[in-house]
Amino acid sequence: MTSTSPLTHFDGQGQAHMVDVAGKPATHRVAVATGRIEMLPSTLALVQQGHARKGDVLGIARVAAIQGAKRTSDLIPLCHPLAITRVGVECALEEAPTPAVICTATVETVGQTGVEMEALTAVQVGLLTIYDMCKAVEKGMVITGIRLLEKRG
């Protein structure tokens, strides 16, 4: 029975289910997501200089973001496990108007469903890792602006 709801994760009886993508063609799919973590100028300086207690904040955040993308279906109950072909993560420092690290993730696959959840998860996990690594010097950091920038395929 097909759903009458615009929300695709519910069946005709309103029960949650994993969307059937079997009839969709496998295409090259790309998603780009971004977000930021705002912090004090002194915290940003520690990140930039690589002097955080726990090590290379941006390098570890990049690896964590990649791992987050790969584990999305373990975290989001109705996401399909995907064969991801590429995860690219960039972390940029912004000094003004508000000191922040901006994390952008690009995720690609060839498959029957998109990778936007993987890109969004990558960004969130990367930013949470930055928070974890810097919380000893600042607990008031704010993670904000997480959003999908692009979806193709």
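Me: Which residues in α2 meet α4?
Reply: A contact is counted where heavy atoms lie within 4.5 Å. On the α4 side, the partners are E118, T121, A122, V125, G126, T129, I130, M133 and C134. Facing them in α2 are V57, L58, I60, A61, A64, A65, G68 and A69.

Me: What kind of model is this?
Reply: Residues are numbered from 1 along each chain as its sequence is written, and side-chain values use heavy atoms, with hydrogens and water left out. Local features need pLDDT of at least 70, side-chain atom pairs count only at pLDDT 80 or more, and totals for chains, interfaces and linings use all residues, for this is a predicted model.

Me: At what angle do α2 and α4 pack?
Reply: Two packed helices are described by the angle between their axes and the distance between the axes. Axes are lines fitted to C-alpha atoms, for helices over the stretch in contact, and angles run from 0 to 180 degrees between N-to-C directions. The axes of α2 (residues 57–70) and α4 (residues 116–134) are 7 Å apart, and the angle is about 145°.

Me: In which order do the elements of the protein chain run?
Reply: Helices (H or I, at least four residues) and strands (E, at least two) are DSSP runs, numbered from the N terminus. The protein chain has four helices and four strands. Starting at the N terminus, their order is β-α-α-α-β-β-α-β.

Me: What share of the residues in the protein chain is buried?
Reply: Buried means under 20% relative accessible area, exposed over 50%, and partly exposed in between, using a 1.4 Å probe and protein chains only. The protein chain has 153 residues, and the buried share is 37%.

Me: How many residues apart in sequence are the parts that E108 and R86 tie together?
Reply: E108 and R86 form a salt bridge (a side-chain nitrogen of Lys or Arg within 4 Å of a carboxyl oxygen of Asp or Glu), with their closest N and O atoms 3.1 Å apart. E108 is in strand β3 (residues 100–111) and R86 in strand β2 (residues 84–94), so this pair ties together parts whose separation in sequence is 22 residues.

Me: How far apart are the closest N and O atoms of D74 and R71?
Reply: D74 is exposed at 52% relative accessibility, while R71 is partly exposed at 42%. The two form a salt bridge, and the distance between their closest N and O atoms is 2.6 Å.

Me: Which residues do salt bridges that share partners join into one network?
Reply: Seven salt bridges are found in the whole structure. One of them joins the side chains of K135 and D132, at 2.5 Å from N to O. Elsewhere, salt bridges with shared partners make one network of R36, E38 and E94.

Me: How far apart in space are A22 and T113?
Reply: A22 sits in the segment before β1 (27–38) and is exposed, at 59% relative accessibility. In sequence, A22 and T113 are 91 residues apart, yet from C-alpha to C-alpha their distance is 9.5 Å.
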